[in-house]
Amino acid sequence: MAVKNDSSTLKVLFVTTELAPFSKVGGLGDVAGSLPKALRQAGVDVRVVTPAWPGVIERAEAAKLKMTTSKSKVYAAYDWRIHSANVIKTEVDKVPTYFLKADDYAGDMYPSQLNFWTASPFAVFCMQALELKNAIDWEPDIYHCHDWTSAFLPCALAWHRYYRQTGQKSIMTLHNVAYQGVFEPYPFLDASGLEPWSFNSSTMEFYGQINLLKGGIVSATAVSTVSPTYANEIQTYESTRELSGILYQQRSKLRGIINGLDVKFWDPAGDKSIPANFSTKDLKGKSVCKKELLRRAGFDDSDDSPVIVCVSRLVEQKGFDMVFNAAGQIAETGAKLLILGSGNDWIENGIIQAQNDYPNNVKLFKGYDEPLSHLLYAGGDIFLMPSVFEPCGLSQMISMRYGTVPVVREVGGLRDTVFDVDRPEGGNGFTFLTCDVDGMMWALRRSIERYRDKQAWTKIMLEGMREDFTWDRSAGLYKEMYEDLMQ
Ligand code: ADP
């Protein structure tokens, strides 16, 4: 939808280092790819700026986007030289989008080691985002930043020798507080143009190091995170350790807004990457998907045992040590366990070991594979997500859209979206609280037993499929936050 552009229209620039489907690592990419669309429908003039990491332009070309390179470049003064970037303009689902193409973004998207050199592209990107207004005929009222990778922008608006004079407003959205952008202060402070006094314990200093996320939280005009429960959890030492005190201090400007889904993209009735479509009205296609999934895993496709699926980054946060440690107990129930993901070696190895020990029950699809993820969501019966912490989580919502019943730990956004069916008021999945194999198996066993009662199971599936995961409500809450900021 075209946004009416009069002086009352709010203008917001999304500053993000991930943008689905061009550069997605996790949930942030999904949110950046779908929330702007919903905000435009709510009447906000949202635009997106993102680095053209390797492969991004090629993916945009493959998606047949019409792209034009702006006559003016953007420039940032950093480390005693000028960093310039070409501005490649396009529209993604009617959202004006600007890819910044420069040598600064020619390397890996996220560095495995953070130091002055590997952190520099993120600071340069933020300054180029602040300069974008000079290359396009449009100036935002609010800069909406996401995670530590764009947290330098609010820091610059507060403490940079030049940008702090502009008086512009920013919002910092925390998609995952576990990643903070911590590295040594020398020579960053000098190179970045921040005032030396911006490095103290009430600003961005953190135990002698720079902490970009802390700086962003302290300096942004407002802060949000991606679920109400996570907004509370991050103010506790158990959740965020040393940063929790800062988040508690800043709580008056913190709100929790649950993520929505791109329900058109994640739609079992129209999804082209699954072998058969299905909907609440006709579930038949789901069993075709299950058969295809079993075949892909090398299992007998006529097997009617419950298929437990996981689609995830294999990192500590996601609780996969519980999963591979429970493989024997899962195999005993007769269920199949199919995992798609990649990540830390010790987790991958744990799952591979489980696969070797229980070859008739466990299968790891190693890697990142978008089309295959759709088949897992569509062909599974149970979606297992035993996260240690989970800011919002999208996978549990996607699985519910596809009639795959979630079994989750009651934490963060999982607590705000999945409700145990055995509560007196009923629910849409199975939940557990204690973060150990026994806790997880308690919920998983209940789901496996319930699966055998086809009528009860279909009722739970339909409950999840009918949940409203659109962005409409949350986009309204973001708009409210923007409006509050402009008062
Ligand atoms: P996080 O952002 O912590 O990774 P979320 O649940 O918020 O977790 O979002 C994860 C997103 O990434 C989902 O869209 C999920 O389908 C996708 N995803 C995760 N791992 C893979 C994978 N190996 N292959 C394809 N998609 C994946």
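Student: Is Ala42 buried, exposed or partly exposed?
Tutor: Keep in mind that this is a predicted model. In it, Ala42 has a relative accessible area of 27%, so Ala42 counts as partly exposed.

Student: And where does Ala42 lie?
Tutor: You'll find Ala42 in the loop between helix 1 and strand 2, the strand being residues 45-51.

Student: OK, zooming out. Which domains is the chain divided into?
Tutor: There are two entries to remember. Domain 1 covers 11-260 + 472-485, and domain 2 covers 284-465. Taken over C-alpha atoms, the centres of domain 1 and domain 2 are separated by 33 Å.

Student: How many residues does each domain bring to the contact?
Tutor: Domain 1 gives 17 residues and domain 2 gives 17 residues.

Student: What area do domain 1 and domain 2 bury between them?
Tutor: About 1,200 Å², with 59% of it on carbon and sulfur atoms. The size of an interface is often given as the accessible area lost when the parts come together.

Student: How many salt bridges are counted between domain 1 and domain 2?
Tutor: The count there is 1 salt bridge. Looking at Lys24, this residue forms a salt bridge with Glu370, and the closest N and O atoms are 3.9 Å apart. The interface of domain 1 and domain 2 also has 6 residue pairs in polar contact, both residues being at pLDDT 80 or more.

Student: Which helices supply at least two residues of the side of domain 1 that touches domain 2?
Tutor: Helix 1 (27-41) and helix 7 (228-233) each do. The largest share of that side, 4 residues, comes from helix 7. By class, the side of domain 1 that touches domain 2 has 7 nonpolar, 7 polar and 3 charged residues.

Student: New topic! Where is Gln396 found?
Tutor: Gln396 is in helix 15, which spans residues 395-401.

Student: Why does Gln396 count as buried?
Tutor: Because its relative accessibility is 0%, and the cut-off for buried is under 20%.

Student: What does the side chain of Gln396 reach?
Tutor: The side chain of Gln396 reaches the backbone oxygen of Gly393, at 2.9 Å.

Student: And which residues is Gln396 in contact with, leaving aside neighbours within four places in sequence?
Tutor: Among them are Phe383, Met385, Pro406, Val408 and Leu414. Gly413, Thr417 and Val418 are also in contact with Gln396.

Note on methods. Residues numbered from 1 in each chain as written. Predicted model: local features only at pLDDT ≥ 70, side-chain atom pairs only at ≥ 80, totals over all residues. Heavy atoms only, no water. Domains from an automatic or database assignment. Contact = heavy atoms within 4.5 Å. Buried area = accessible area lost by both parts, 1.4 Å probe. Salt bridge = Lys/Arg side-chain N within 4 Å of Asp/Glu carboxyl O. Polar contact = N/O pair within 3.5 Å; in protein donor to acceptor, adjacent residues only side chain to side chain. Nonpolar A, V, L, I, M, F, W, Y, C, P; charged D, E, K, R; others polar. Buried < 20%, exposed > 50% of the residue type's maximum accessible area, 1.4 Å probe, protein only.
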